[in-house]
Amino acid sequence: MKVNVFLMIVSVIMVCWDCTAFSAQERQTSSPYSGTGLNCTIEGIGDVRIESPADGIFRVRVAVDGRFEESMMERYGIVRSDWPAGQQSVERPSPETLTLRTQAGLLSIDKNTGEMTLSDAAGNDIVKPIRLLNKQEDMRTDRVRWIVDRFRAYSGQPDSEVLYLSGYVKPNTIIGQPEKLNRSPQETAADEPAMTLDPFGAVFAVSPTEKFYGLGAASGERIQHRGHAYRIWAEYFSMNGYDKNYARFEQTEGPCPFLMSTAGWGLFVNSPALSFFDAAAYQSDEVFFWGPQGQIDFFLFVNDSLAGLIDLYTQVTGRPRLLPVWGYGLSFVGNITQNQYETLEDSRLFREHDIPCDIYGLEPQWMKQFYDISHQKEWDLKRFSMFDFMGKDGTMVGALERIGFKLSLWLCVDDDLTIEEERQIATRQGGLDAFPKDAPQGWFEHLKKFVNQGVAAFKIDPSKIIETHFDRKYFNGQTDLQMHNLTQTLMHKQMQQGFEQFTQ
């Protein structure tokens, strides 16, 4: 099962431009996808690997330390890694150029400069040049200073890129969150990882007529992004977005590092890390993405239509899933104070007035402990008569079903979702015996009893996992800097998989 990436979404290291001449060592490599790929070792950039997992799709990676490691997106099944065999070939159109050709298009790299060109099947240039940004790119260039200043959050913090690029600014306390996260800048900086990882990014030359779409819910104001820039970092815009002293830029609860152009090309950044997309805002003839920490790893797509580009993108990240028919109907969420009687009275009135509502949702008052984020959730039996001896037909759930309603329960989560992901990997690889026996159960396990009672859906509030966690070290060894955006996708993945496996 593949899950569409949302989302996808760090620290800054200062480096200087290396003005020495570039040199390249080329070699053809066996692609893990479908046969043929190419590698170039380019001084000043690193080892560059170009592969084509399918026709019209190219993957570009840079490993400054010589290692091409599995991305977190691949490890957790967000990005596809099993591809059928295809037809590609490596060509050398000139002594300075290497080209990986597929039936739909080709990607060429200059061995001296590292610049790339994306072309269609006929050899017509679509994007030229494509320049890679890595640790040799001066982090004090005008472009990077512009992106840093544009996304400067909370002017009351000291002048530190690390603080406001990582999202470690103006933490909030939400309902049901007892601890306070407000900390001094010195305490926050002390928890930052060592500034040893490299920035990543690329610049794409674009034509004056191109329009750009995508980036998930990065904007609530527009769907065409040319002339604008966005931060790929999930956060509650309702908490901070209206505070102009905090953020002078659009915030998003659902960013996705995928951008597509009307000129016939698309881009997907294969990383959940904090990144920024500029759709010809800084410079009218360039698109670029940049992140302060990570490795260059992105997919390029070639197709002459937006629909075709979306088709190629979803080959990488998975096709959208259809909901049950009732999932597309009207969903009503009752008042947070109401009880069983008021819930049933609302549902009766919907039917009496011929309002075609399909889902009835309860807010956190259904729980014995208000806003319970634990795995020991129970019904508040003073409000809702959900005794086991009654059976589903004798409860509110059965009554709702008899008049055509599905029941949805609100949930709040702060689980370390990498535990279940690593448990599933250990199970597939036969190493579950070595997996820690005291590791907490998977998120969906404690919801099975409610599904058995007839609950048909859950409203997931990311709540604490969408907040910044200064001190968290995830089970997989990563920090919040790497995992913040990915946890939003893992939450939905584990809910979908858990429901499907338990009810099939």
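**Close-up views of strands and helices**

View A. In strand 19, I359 is the bridge partner of S331, and strand 18 and strand 19 (residues 357-362) run parallel, joined by four bridges. The model is a predicted one, in which local features need pLDDT of at least 70 and side-chain atom pairs count only at pLDDT 80 or more, while totals for chains, interfaces and linings use all residues. Residues are numbered from 1 along each chain as its sequence is written, and side-chain values use heavy atoms, with hydrogens and water left out. Strands (E, at least two residues) and helices (H or I, at least four residues) are DSSP runs, numbered from the N terminus, and two strands pair if DSSP finds at least two bridges between them. The open sheet shown here has four strands in the order 18-19-20-21, with parallel pairing. Its edge strands, each of which pairs on one side only, are strand 18 (330-333) and strand 21 (457-461). On average, neighbouring strands of this sheet are turned by 30° against each other, direction ignored. Helix 7 (residues 340-352) lies across strand 18 and strand 19, and runs at about 165° to strand 19; such angles run from 0 to 180 degrees between N-to-C directions, with axes fitted as lines to C-alpha atoms, for helices over the stretch in contact, where contact means heavy atoms within 4.5 Å.

View B. Nine strands form an open sheet in the order 5-6-7-8-9-10-16-15-12, with antiparallel pairing. Strand 5 (89-94) and strand 12 (228-232) are the edge strands, each pairing on one side only. From one strand to the next, the twist averages 20°. Helix 2 (residues 142-150) packs on this sheet and touches strand 9 (125-133), strand 10 (200-205), strand 12, strand 15 (275-279) and strand 16 (286-291), its direction making about 70° with that of strand 16.

**View D. The enclosed strand 17.** Because six of the six residues of strand 17 (residues 297-302) are buried, this strand is largely enclosed by the rest of the structure. Both of its faces are covered, by the count of D297, F299 and F301 on one side and F298, L300 and V302 on the other, all buried. Strand 4 (residues 57-63) pairs with strand 17 in the antiparallel sense over five bridges, and the bridge partner of V60 is F298. Strand 14 (residues 265-269) and strand 17 likewise run antiparallel, joined by five bridges, and V269 stands opposite F298.

Note on methods:
Buried means under 20% relative accessible area, exposed over 50%, partly exposed in between (1.4 Å probe, protein chains only).
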